[in-house]
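Student: I would like to work through this structure question by question. Please keep the answers brisk.

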Amino acid sequence: MIVVKPKPIDEILGFLSKHKNVLVVGCDGCTTPPRGLREAQTQVNLLKLAAKLKGISLNLKASTIAKTCDKHIVYSTLASQLEGIDAILSLACGIGVQVLNEVFPQLPTYPGNDTIFNGMQEKEGGIFEERCKACGSCILGETGGICPIARCSKSLLNGPCGGCFEGKCEVTFNGEKHDCAWYLIYQRLKELGRLEDFKKLRPLKDWSLLVGPRSSMGV
Amino acid sequence: MAGSEPLSFGLTIDEELCSRCSLCVYTCPFEALTLLKGELPEERKVEVDREKCKLCGLCYTICPLDAITVQYYSMEDLLEMARQLCLKTGERSLVVACKGSNPTDRSIEEKVGRRGIPVLRVPCAGRVPMDFYFRLLSEGVADRLHVFPCEEEFCRLKEGGKISFLKLDYLRSLLAELKVDGGIISLTKSVNKAKVNEAKCIGCGNCEHYCPYEAAMVRSPGIATIDEEKCMGCGICLAVCPNFAISLEGYEQETMAENLAKLAEAAKRAVRGGVKPVLVFYCQWAYTPKPPEGDGSGICFMELPCAGRLDPLHVIQALNLGFEGVLVLACKEDMCNFEEAGAKRAEINLSSVKRALSQLGLDGKVEISFVHPKYPREAEEALSSFLNKIKGER
């Protein structure tokens, strides 16, 4: 899933204060946590409260789209809902915000979220974690299904380095410790009975595959 | 209130009246009572383990000397509510129903086959004191009783269903001995489970992720299903569904929105009367407001099947509708009837709402209090301290 984080209310109000009638559009697609109709209504209510407090006059409506990363679906869903609207706030990921601007160029569409990474959610902790960097040359088949590009702080192809203590990486983010990816890879390959794969030397990665803007012919 | 005085526990044993017969010890389904032995007479007494005790009241029913008092509900409050209901409707029949499996009067009317019958909804029909049923009949409040407990498997208080059947059987046999028609008390078992509206489901999988009973499942092509056998009706899935695709009778999005709109009117009236309106969302087991609709003092109540059903959207809507404060009364984690998941979910949802509101300096207007229904005054104290906080603001 594409993991997003709501933008601060002040920033959003900064975009919207130049407008009068705003449509807050959720996305039923793939964002995690979901940013669908319920979240759009919640955002509308939060903005109403904020507008009242700051003495800004703003009319807000909530809606949603099945997936914002498809121009046809975006057009057919929203075209009839834009009467009197002078701006859109999208709760989709960065992709959706751009599609909306392309499909409805006459209207500004602003982002309601910061898109942060591709990842998943742990059930217990409720924490979202990055899992994939979309690097274009997947080595998960060799590393027992654990990605060192996304989960190793240094994206090492031949790890571990000397900074692994009790299975945790010496590099912390916001004071949080995370697992050493190569420690996990070792454990996993051992579990699978494929430790000889661990010793294989991986050649230099083609980092040019990460340089954008990328495009693909599809399957 | 210094808070140094320990809050009274809902069960007390009068040592003077108690004959140490130990009938209660043997009757307790949770093994919460023990007869302490000792050389001296003062050392021999019946003691209750507060952790194990669920305030079901069976011991109170069985004690031949009336030495035990159990206060899950205040008898006088219950009787008064029943009286008012019967007076208001002019009816001689009364329904006493478990809230959890009978969320609306309409669902009961359908089961009884009559409209307009007064309904007294309680958190657990099994924990209603036996005397209550007796007094309803003997004091002429009602001539017929319909009791609607939860089905045994659905009872979230574990044993609550069984206890209510035991008590009612006991009551019926007593009535038979007194040559009173046992048919004046009828028993109907019910459930209330979550359902997915497949047309609205977007297949996001949140319901499966958060369901404490593994009842909700998302399968290709992306439609959720809820296993009726496993669902325990907590409503957590409703709060996390991004498209309002799940319903739980009495607590669906439409019903909550309607109820909020009605309460908004009450809030406006309070403001005109110079009172700051406050909305209290309460877990059906954490608290029983009396009277249920509030007393015109600006406090409004909205029931939840479990605090985990609390939707951040409703909290923020409440503030927009004019409420000056929102209090959530949830059960303490170890008392949560949904494997602790409800209490945990409520805490997480409330924190996320407070984070969002803190951007506007409004986080002080929203609070959650975890209370023990076993200590009946905890909820009252949480409510009054929140009210004082809101009154004292600005």
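Student: How much area is buried between domain 1 of chain B and domain 2 of chain B, and what share do carbon and sulfur atoms give?
Tutor: Keep in mind that this is a predicted model. The size of an interface is often given as the accessible area lost when the parts come together. For domain 1 and domain 2 of chain B, carbon and sulfur atoms give 66% of that area. The total buried is about 780 Å².

Student: Which three residues supply 52% of the area that domain 1 of chain B buries against domain 2 of chain B?
Tutor: Nine residues of domain 1 of chain B are in contact with twelve of domain 2 of chain B. On the domain 1 side, three residues supply more of the buried area than any other three. They are B:Cys56, B:Tyr60 and B:Thr61.

Student: Where do the domains of chain B fall, and how many Å apart are the C-alpha centres of domain 1 and domain 2 of chain B?
Tutor: The assignment for chain B gives domain 1 at 11-69 and domain 2 at 75-187. Domain 3 covers 196-246, and domain 4 covers 253-393. Between domain 1 and domain 2 of chain B, the C-alpha centres are 26 Å apart.

Student: What area do chain A and chain B bury between them?
Tutor: The contact involves 22 residues of chain A and 26 residues of chain B. Carbon and sulfur atoms account for 57% of the buried area. The area comes to about 2000 Å².

Student: Which side chains meet in a salt bridge at 2.9 Å, N to O?
Tutor: The rule finds one salt bridge across the interface of chain A and chain B. It also finds nine residue pairs in polar contact there, both residues at pLDDT 80 or more. The salt bridge joins A:Arg38 and B:Asp311.

Student: Which helix gives the most to the side of chain A that touches chain B?
Tutor: By class, that side of chain A has eight nonpolar, six polar and eight charged residues. One helix supplies twelve residues to the side. That is helix H2 of chain A, residues 37-54.

Student: Why does the ring pair of A:Tyr186 and A:Phe198 have the class it has?
Tutor: Over all chains, the count is eleven aromatic pairs. A:Tyr186 is in helix H6 and A:Phe198 in helix H7 of chain A, twelve residues apart. Their ring centres are 5.3 Å apart and their planes stand at 80°, so the pair is edge-to-face.

Student: Which residues of chain A does a cis peptide bond with omega of about -5° join?
Tutor: A:Pro213 sits in the segment after H7 of chain A. The proline asked about, A:Pro160, is in the loop between helix H5 and strand S9 of chain A. The bond with omega of about -5° joins A:Gly159 and A:Pro160.

Student: What is phi of B:Arg20?
Tutor: B:Arg20 lies in the loop between strand S1 and helix H1 of chain B. Its phi is positive, in a residue other than glycine. The value is near 60°.

Notes:
Residues are numbered from 1 along each chain as its sequence is written. Chains are lettered from A and ligands numbered from 1 in the order in which they are written. This is a predicted model: local features need pLDDT of at least 70, side-chain atom pairs count only at pLDDT 80 or more; totals for chains, interfaces and linings use all residues. Side-chain values use heavy atoms; hydrogens and water are left out. Domain bounds come from an automatic or database domain assignment. Contact means heavy atoms within 4.5 Å. Buried area is the accessible area (1.4 Å probe) that two parts lose on being put together, summed over both. A salt bridge is a side-chain nitrogen of Lys or Arg within 4 Å of a carboxyl oxygen of Asp or Glu. A polar contact is a pair of N or O atoms within 3.5 Å; within protein, one must be able to donate a hydrogen and the other to accept it, and residues adjacent in sequence count only if both atoms are side-chain atoms. Helices (H or I, at least four residues) and strands (E, at least two) are DSSP runs, numbered from the N terminus. Ala, Val, Leu, Ile, Met, Phe, Trp, Tyr, Cys and Pro count as nonpolar, Asp, Glu, Lys and Arg as charged, and the others, Gly among them, as polar. Rings of Phe, Tyr and Trp (its six-membered ring) pair if their centres lie within 6.5 Å; planes under 30 degrees apart count as stacked, over 60 as edge-to-face and the rest as tilted.
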